[in-house]
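User: I have a model open and would like to talk it through with you. Could you start with how far to trust it?

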Amino acid sequence: MSTPTPTEPTVPTARNGEPTTFPSVVLEVLREMREQRQSFERSAELAAKERKAERRWRNLFQAMFFGAPVLLGLLYFLFFLNSTGFRWGPFGNVVGVVRIEGPIGATERASAENIIPILEKAFGNPNVKGVVLHIDSPGGAPVEAERISTAINGLKAKHRKEVVAVINNLGASAAYMVALNADKIIAAKYSFVGSIGAIMAPWQLDKAIAKVDVAQRVYASGKLKVSVRRTHLDQPNMSGKDRVHATSTWTRWQASRH
């Protein structure tokens, strides 16, 4: 039986094939650890970028999914406000324009109920330095015009702002009465203005009725109950004061009907 030949211990070699010492082994191990750490850091950085990109796309999708209906609703709301005449501002010094267009009446667009709030808004805004009455109206109810005129004078005294009336095509009757409350009236060369007052053209039928011997019998609870009836203004038992009052009442009542 043969005796085994003892083998000599192997000596670590460097990458270039030369024997290495203990310090070089330590340096090699440290270099491999540093490379592994750098590789891990690159992998972690790449994974973080991927997660960040994924989170960004997810947030964008959620914003589009939930934000689109909100945005559309906001746009529709702004469109609705604009269609109702709502305006933002003003944010600087401006001139307020109040439009009095069409017939003046309680049920018309140019009614005191519609015009007076606009006047109050224009006079009450500190950015509005002056008010323009844009008038294009044939006139209408004198009571409505009186209410608008009273509001203009009261607001002028309170806020000390200049009022200019600009008449476009037509500013007649009650509309011109409103314009008279402005500090200045501006009209075009061919604008139709004026015609303040009331007109009444009744038919005088009393003589014709007397010829055919026709009379009207009226029963009233008081002597002034029939004062607005033209055929009863000449009653013999009516005093001079009552006659003046009845005639004035009759004239105002007839004017309010035109």
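Analyst: A word on the score comes before anything else: pLDDT is the predictor's confidence in each residue, on a scale from 0 to 100. This is a predicted model, and the mean pLDDT of the protein is 77, with 71% of its residues reaching 70 or more.

User: Where does pLDDT stay under 50?

Analyst: That happens over residues 7-11, and for this stretch the model has two contacts beyond four places in sequence.

User: OK, now the fold. How many helices and strands are there?

Analyst: The protein has six helices and five strands, and going along the sequence they come in the pattern α-β-α-β-α-β-α-β-β-α-α.

User: And what share of the residues is buried?

Analyst: Of the 258 residues in the protein, 24% count as buried. The accessible surface comes to about 19,800 Å², and carbon and sulfur atoms account for 60% of that area. As for contacts in the protein between residues at least 6 apart in sequence, 58% of them join residues that are at least 24 apart.

User: Switching to charges: how many salt bridges do you count?

Analyst: The count comes to five salt bridges. One of them lies between the side chains of Glu-45 and Lys-49, with N to O at 3.8 Å, which falls inside the cut-off of 4 Å between a side-chain nitrogen of Lys or Arg and a carboxyl oxygen of Asp or Glu.

User: Where do Glu-45 and Lys-49 sit relative to each other?

Analyst: Both belong to helix α1, which covers residues 22-83, and because they are four residues apart in that helix, about one helical turn separates them. Glu-45 is partly exposed at 46% relative accessibility, whereas Lys-49 counts as exposed at 53%.

User: Which residues are linked in a network of salt bridges?

Analyst: Arg-99, Glu-101 and Arg-109 are linked in such a network. Within it, Arg-99 forms a salt bridge with Glu-101, and their closest N and O atoms are 3.5 Å apart. Arg-99 is partly exposed, with a relative accessible area of 47%, and Glu-101 also counts as partly exposed, at 25% relative accessibility.

User: What about Asp-183, which residue does it form a salt bridge with?

Analyst: Its partner is Lys-156, and the closest N and O atoms of the two are 3.2 Å apart. This pair links distant parts of the chain, since Asp-183 is in the loop between α4 (174-179) and β4 (184-187), while Lys-156 is in helix α3 (residues 142-159), and the two are 27 residues apart.

User: Is Lys-156 buried or exposed?

Analyst: Lys-156 is buried, because its relative accessible area is 18% and the limit for buried is under 20%.

User: Last topic, aromatics. How many aromatic pairs does the structure hold?

Analyst: The structure holds one aromatic pair. The partners are Phe-61 and Phe-65, whose ring centres are 6.2 Å apart and whose planes stand at 20°, so the pair is stacked.

User: Why does the angle make that pair stacked?

Analyst: Planes under 30 degrees apart count as stacked, and the planes of Phe-61 and Phe-65 are at 20°. The two are four residues apart in helix α1, so about one helical turn separates them. Phe-61 is exposed, with a relative accessible area of 55%, and Phe-65 likewise counts as exposed, at 54% relative accessibility.

Technical notes. Residues numbered from 1 in each chain as written. Predicted model: local features only at pLDDT ≥ 70, side-chain atom pairs only at ≥ 80, totals over all residues. Heavy atoms only, no water. Buried < 20%, exposed > 50% of the residue type's maximum accessible area, 1.4 Å probe, protein only. Contact = heavy atoms within 4.5 Å. Areas by Shrake-Rupley, 256 points an atom, 1.4 Å probe, with all protein chains shown as cover. Phe/Tyr/Trp six-rings, centres within 6.5 Å; stacked < 30°, edge-to-face > 60°.
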